[in-house]
Amino acid sequence: MKIAIIGIGSVGAAVATAVAGTGLAREMVLFDRDGLRARAAAEDLGHAAAFSYDVKITAVNNYRGVRGSDIVIIAAGANQKPGETRTDLLHKNVAVISDIIPRVMANVDAAHVKLIVVTNPLDVMVMLARRLAKLPAARVIGTGTMLDTARLRTILARQLSVSTQSINAYVLGEHGDSSVVAWAPACIGGVALDDFCRQTKHPLTAATRQTIEYRVRNAAYEIIRGRGATWDGIGAAVADLVRCIANDERRILTVSMSDGAGRGAVAMSLPRIVGGAGVLATLRPKLSAAEGAALRRSAGIIRKNYDAI
Ligand code: NAD
């Protein structure tokens, strides 16, 4: 499998490391408008690969280098500075995606390629990339709330003393400030969350749930405050998505994809079955009335931002 990564900043480099670590890529090509940066990353990663999998990693200085890619990952663009929201990046990153997508599409096999979008504001960038690429929606996939879902599961695992692997709980909607924690359908080991809490004597009060939601939504802000940017979590999320596609695993991931048509079209995260052909199906979990309203509000915010570009 050949995988191209466009944008080799903090996120692109972490994605490259994590994807190389899956052992699934035979060849990886890295492109950045800063060629020196891409070449340095390819060198460094190439040395690291000598200790693990035999993957050929090269920096390319034009888009011809992405020819033959099965998956193209877009991690280029401005990131949040302390205090900035993802939406604040909208106009800068519209220009970046508009620059990249036509060049990628001129060099890949449109009948086969899958695009993975990482650039923020994520959901709007998925809609824009899909429009520019003219690919089926199922093959223009945003990492969406995969990371937010991982954050939720990590917090719940600590709170409830159970492995993240056994927690079936999702964050839906925008990868941003209006994301929705879906408490109603959450379960652990096949047991509804409320029942699990009763049986294991780990109460999750309304106030605790609110605090958890706050921590999930604010995780990126906290990390940016301390580290300048976030990269390890998203690197692992992209590698997991690549694994799911490459092995046709058909796991359920909260990825973002454009749904609907015309003025009602919007990209946001829902639990979706992901496999070799991209998104294979979308699931609609049973939400509470408040969660359903929050999800509609979140979709409205994404659509409004898309209409503003
Ligand atoms: P960064 O500034 O470290 O790197 C961005 C890179 O993009 C730079 O190397 C730059 O040269 C390159 N670039 C910019 N415009 C380009 C173009 N037109 N063509 C090719 N390369 C171009 O930023 P970062 O921290 O790596 O973040 C990258 C993006 O990922 C941001 O939009 C950030 O918000 C987003 N992000 C998303 C998630 C998520 O969960 N989806 C998580 C973290 C970061």
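On a 1 Å grid over the protein atoms alone, a cavity is a set of points where a 1.4 Å probe fits but cannot get out, while a pocket is an open set with protein on both sides within 12 Å along at least five of seven lines; lining residues have an atom within 4 Å of a point. This is a predicted model, where local features need pLDDT of at least 70, side-chain atom pairs count only at pLDDT 80 or more, and totals for chains, interfaces and linings use all residues. Residues are numbered from 1 along each chain as its sequence is written, and side-chain values use heavy atoms, with hydrogens and water left out.

**The cavity**
- Pro121, Leu122, Asp123, Val124, Glu174, His175, Ile302 and Asn305 line the largest cavity.
- Helix 4 (122–133) gives the most to that lining, with 3 residues; helices here are DSSP runs of H or I with at least four residues, strands are E runs of at least two, and both are numbered from the N terminus.

**The ligand**
- The ligand sits in the largest pocket, meaning that more than half of its atoms lie within 2 Å of the pocket's grid points.
- Around the ligand are 26 residues, and Val11, Asp32, Arg37, Ala78 and Asp99 come nearest; a residue counts as near if one of its heavy atoms lies within 4 Å.
- Now for the polar contacts (pairs of N or O atoms within 3.5 Å; within protein, one must be able to donate a hydrogen and the other to accept it, and residues adjacent in sequence count only if both atoms are side-chain atoms).
- A ligand nitrogen has a polar side-chain atom of Asp99 2.7 Å away, and a ligand oxygen is 3.0 Å from a side-chain N or O atom of Asn120.
- For Thr143, a side-chain N or O atom lies 3.3 Å from a nitrogen atom of the ligand.
- Helix 3 gives the most to the shell around the ligand, with 4 residues.

- The largest pocket holds about 850 Å³ of space.
- It has 41 lining residues, with Ala75, Ala76, Gly77, Ala78 and Asn79 the closest to its centre.
- Helix 3 gives the most to the lining of the largest pocket, with 7 residues.
- The second largest pocket comes to about 690 Å³, and helix 5 gives the most to its lining, with 8 residues.

Methods:
Grid points are joined across faces, edges and corners, and a volume is the space filled by probe spheres set on the points.
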